[in-house]
Amino acid sequence: MALPLEQAAPPTPGDPELEQLEIELLLEAVYRRYGFDFREYAQASLKRRLWRRASAEGASSISELQAKLLHDPPSMERLLLDLSINVTSMFRDPTFYVAFRAKVVPLLHTYPFTRIWCAGCSTGEEVYSLAIVLQEEGLYDRTRIYATDINESVLATAKAGIFPLDKMQQYTQNYIRGGGKHDFSQYYLAAYEAAQFSKTLTENVVFAQHNLAMDRAFNQFNVIVCRNVMIYFDKPLQDRVHALFYESLERFGVLALGHKETLTFTPLADRYEELDPAERIYRKTA
Ligand SMILES: C[S@@+](CC[C@H](N)C(=O)[O-])C[C@H]1O[C@@H](n2cnc3c(N)ncnc32)[C@H](O)[C@@H]1O
């Protein structure tokens with residue numbers, strides 16, 4: 001059983017420099033053995049998650065955890081789940097969807113066809129929310145959404161479109177606060193404890209694994225939505241991902257980030273204008 005995150009800490013207050021060295025070596029080992037690159041993830045949360053995994057695996061040091069990860073691939077899969085924080089919800093931050101309808105949808109109406117990249121989509125709630133908005137705004141039939149994540153197992157959940165029924169009350173409220181125009185329950189069928197979302201919502205969605213830290217651009221997009229993902233990256237990696245998004249956006253394309261993320265102070269800030277500063281929605285201008 002994994003410890004709650006706040007309780008995950010080194011067993012003894014050791015030598016911080018040694019701990020840092022062990023963490024760097026572990027991340028290098030994980031990268032070279034498995035190809036997952038967490039070397040530029042924000043340190044504080046990374047450290048807590050490594051210690052939690054160490055304790056769950058019965059390792060008393062980060063080096064011991066490293067040995068376990070190298071020789072026991074299932075433990076690497078468990079670490080991967082710990083490190084790719086998958087918290088999400090439908091119509092998360094409803095005000096974002098109000099702004100999306102008001103400021104992005106009118107732009108999309110001027111295009112004959114729209115490509116949207118939802119990067120770091122986790123279990124898909126964000127993708128279904130966007131598909132619902134696009135359907136209600138008469139845009140879905142001429143849109144393709146590319147929904148990607150580093151983690152294959154969350155993508156499998158996203159594709160299935162089955163979410164816990166007990167979340168629907170909260171999601172209905174989010175949907176209404178996000179400017180929803182219909183009865184939210186029309187989008188899913190309730191069966192036992194689950195809500196199965198309509199397959200029409202994924203007809204125009206391509207789900208694929210993509211690692212923002214390592215993989216290249218793969219298309220030209222009119223909109224990139226990457227919310228609550230870069231918050232886990234350190235500054236150099238954030239800057240690299242911003243370069244990837246800049247390269248992947250059409251001119252006048254839209255970039256939407258999470259509430260705690262920003263383009264300000266990044267090297268590409270002056271290539272965008274703010275469409276909605278509070279909602280972190282930007283438009284590429286140059
Ligand atoms: C907190 S969730 C955000 C989900 C959704 N965008 C939202 O705002 O609700 C962060 C997601 O980013 C993914 N992620 C983390 N590192 C990634 C990387 N290097 N490349 C692609 N996805 C990554 C995780 O697997 C996780 O599903």
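## Basis

The model is predicted: local features need pLDDT of at least 70, side-chain atom pairs count only at pLDDT 80 or more, and totals for chains, interfaces and linings use all residues. Residues are numbered from 1 along each chain as its sequence is written, and side-chain values use heavy atoms, leaving out hydrogens and water.

## The sheet

Seven strands make up an open sheet with mixed pairing. Their order is E6-E2-E1-E7-E8-E10-E9. Strands are DSSP runs of E with at least two residues, helices are runs of H or I with at least four, and both are numbered from the N terminus. Two strands pair if DSSP finds at least two bridges between them. Strand E6 (205–209) and strand E9 (272–276) are the edges; each has a single partner strand, so one side of each lacks a neighbour in the sheet. From one strand to the next, the twist averages 20°.

Strand E1 (residues 114–119) and strand E7 (residues 221–226) run parallel, joined by three bridges. Cys 118 has Val 225 in E7 as its bridge partner. Helix H6 (residues 125–136) packs on the sheet and touches E1, strand E2 (143–149), E6 and E7. The direction of H6 makes about 170° with that of E2. Axes here are lines fitted to C-alpha atoms, for helices over the stretch in contact, and angles run from 0 to 180 degrees between N-to-C directions. Contact means heavy atoms within 4.5 Å.

Thr 114 is found in strand E1. Its relative accessible area is 1%, so Thr 114 is buried. The term means under 20% relative accessible area, against over 50% for exposed and in between for partly exposed (1.4 Å probe, protein chains only). Not counting residues up to four places away in sequence, Thr 114 touches Leu 108, Arg 142, Thr 143, Arg 144 and Asn 222.

Ser 122 sits in the loop between E1 and H6. Ser 122 counts as buried at 6% relative accessibility. Beyond four places in sequence, its contacts are Asn 86, Thr 88, Asp 149, Val 154, Leu 155 and Ala 158.

Ser 129 belongs to helix H6. Ser 129 is buried, with a relative accessible area of 0%. Leaving aside neighbours within four places in sequence, Ser 129 contacts Met 90, Phe 91 and Tyr 97.

## Cavity and pockets

The structure holds one cavity of 30 Å³ or more. On a 1 Å grid over the protein atoms alone, a cavity is a set of points where a 1.4 Å probe fits but cannot get out; a pocket is an open set with protein on both sides within 12 Å along at least five of seven lines; lining residues have an atom within 4 Å of a point. Grid points are joined across faces, edges and corners, and a volume is the space filled by probe spheres set on the points. The largest cavity has about 50 Å³ of space. Helix H2 (residues 43–56) gives the most to its lining, with three residues. Tyr 41, Arg 49 and Tyr 232 are among the lining residues.

The largest pocket has a volume of about 480 Å³. Its lining has 29 residues, with Ile 85, Arg 227, Asn 228, Val 229 and Tyr 232 nearest its centre. The second largest pocket has a volume of about 160 Å³. Its lining includes Met 214, Asp 215, Arg 240 and Glu 247.
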